[in-house]
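Here is a short briefing to read alongside the model. Take a look at the sequence and structure first, and then we can walk through a few spots together.

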Amino acid sequence: MDSLLKLDGVSKEYKSAYGRVRALCESSLEIERGEILGLVGESGSGKSSMANIIVRLISPDKGKIVFNGVEISSLSARAFRKFRREIQMVFQDPYSSINPKKSIGYLLKECLKIHEKGMSDEEMERKVSESLDEVGLDSSYAKRYPASLSGGQRQRVAIALALIIRPKLIVLDEPVSALDVSVEAQILNLLLDLRKKHGLTYLFISHDLNVVSYIADRIAVMYLGSIVELGKTEDILGAMAHPYTKALFAASSDISATLSGEIPSPMNPPSGCPFHTRCIYAKDRCRVEKPSLSLLSSGHFVSCHYPLRGGEKNENSCGI
Ligand code: ADP
Ligand code: MG
């Protein structure tokens with residue numbers, strides 16, 4: 001695999017007033033150059049922690065992050081600076097990353113000023129209208145302010161802000177979760193077009209397996225800080241091997257079918273397989289022994305002692 005990003009055994013624990021929260025537990029993941037890797041899991045499973053570690057908003061307690069062949073996790077803030085433009089992030093709520101007091105044109109120019117030092121004003125103006133055009137907004141949007149835009153338009157601006165400095169990797173943390181379904185589809189198609197046009201690589205995060213299946217080449221399913229299933233989108237959809245993946249799929253296809261019970265507290269994670277407390281297939285072994293992520297078939301990995309096999313169990317409802 002020609003990997004652009006590699007996470008190796010990454011762990012993260014938060015210390016809160018109530019105790020320690022284990023958000024990521026020795027998670028490993030590779031993203032191939034040019035691919036869209038979808039990361040899916042319920043709220044609280046550790047997805048944003050992983051995203052924030054990749055873009056260095058927070059640091060991991062353990063593990064390595066290798067970007068384009070360089071171990072970036074051990075770099076000083078100064079040494080990391082040159083990678084900052086290559087790894088961009090788009091958040092669920094663009095308000096968290098867009099200054100509402102500045103015009104869109106001003107914000108886009110600011111990105112260029114930071115990362116493209118010495119660019120002439122004319123060139124910047126040209127780049128601003130070019131990047132607005134790329135995300136489906138005409139150049140008049142440069143004069144507008146974030147508050148005058150719809151949710152979809154704001155997310156287009158957030159994508160333009162990430163794209164204008166030509167990154168290699170974009171980490172998108174729930175980029176369509178706050179949008180109406182029709183707008184969601186437009187943004188997903190825009191992201192697919194931009195990936196093709198610029199040969200971009202995405203880590204696309206969502207709690208919705210349907211959304212992730214639409215856009216991703218491969219899917220990583222996360223539960224309580226661990227990757228529990230990983231594989232090509234068609235292989236996962238064709239034969240979900242982890243009972244949790246199956247339950248997530250049921251929950252995203254049918255709003256009346258939700259996962260029973262809540263994700264356990266990461267302050268007090270279950271022993272053995274983290275999913276055993278909600279899994280109808282759990283046996284004694286699952287309560288004591290944590291399964292490792294093992295190869296099931298070519299490129300398809302699962303961490304379950306008793307994976308569902310293509311035929312019989314996948315046709316039954318897993319009853320979760
Ligand atoms: P997700 O994005 O999948 O919802 P997060 O990575 O945001 O998951 O959170 C994983 C777990 O870590 C959750 O239980 C969350 O409450 C906890 N958590 C996240 N950030 C902090 C923090 N700064 N302090 C304490 N706990 C946190
Ligand atoms: Mg999150």
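A residue is called buried when its relative accessible area is under 20%, exposed when over 50%, and partly exposed in between (1.4 Å probe, protein chains only). By that rule Lys 246, at 15% relative accessibility, counts as buried. This is a predicted model, in which local features need pLDDT of at least 70 and side-chain atom pairs count only at pLDDT 80 or more, while totals for chains, interfaces and linings use all residues. Residues are numbered from 1 along each chain as its sequence is written, and side-chain values use heavy atoms, leaving out hydrogens and water.

**Confidence**
- The chain averages a pLDDT (the predictor's confidence in each residue, from 0 to 100) of 92, and 95% of the residues score at least 70.
- Over residues 311-320, pLDDT stays under 50.

- Lys 246 lies in helix 9 (helices are DSSP runs of H or I, at least four residues, and strands are runs of E, at least two, numbered from the N terminus).
- His 276 sits in the loop between helix 9 (243-253) and helix 10 (284-288), and it is buried, with a relative accessible area of 14%.

**Around ligand 1**
- A polar side-chain atom of Ser 49 is 2.6 Å from an oxygen atom of ligand 1.
- Strand 2 (19-32) and helix 1 (47-54) are the elements giving two or more residues to the ligand 1 shell.
- Helix 1 supplies the largest share of that shell, three residues.

Key:
Chains lettered and ligands numbered in written order. Contact = heavy atoms within 4.5 Å. Polar contact = N/O pair within 3.5 Å; in protein donor to acceptor, adjacent residues only side chain to side chain.
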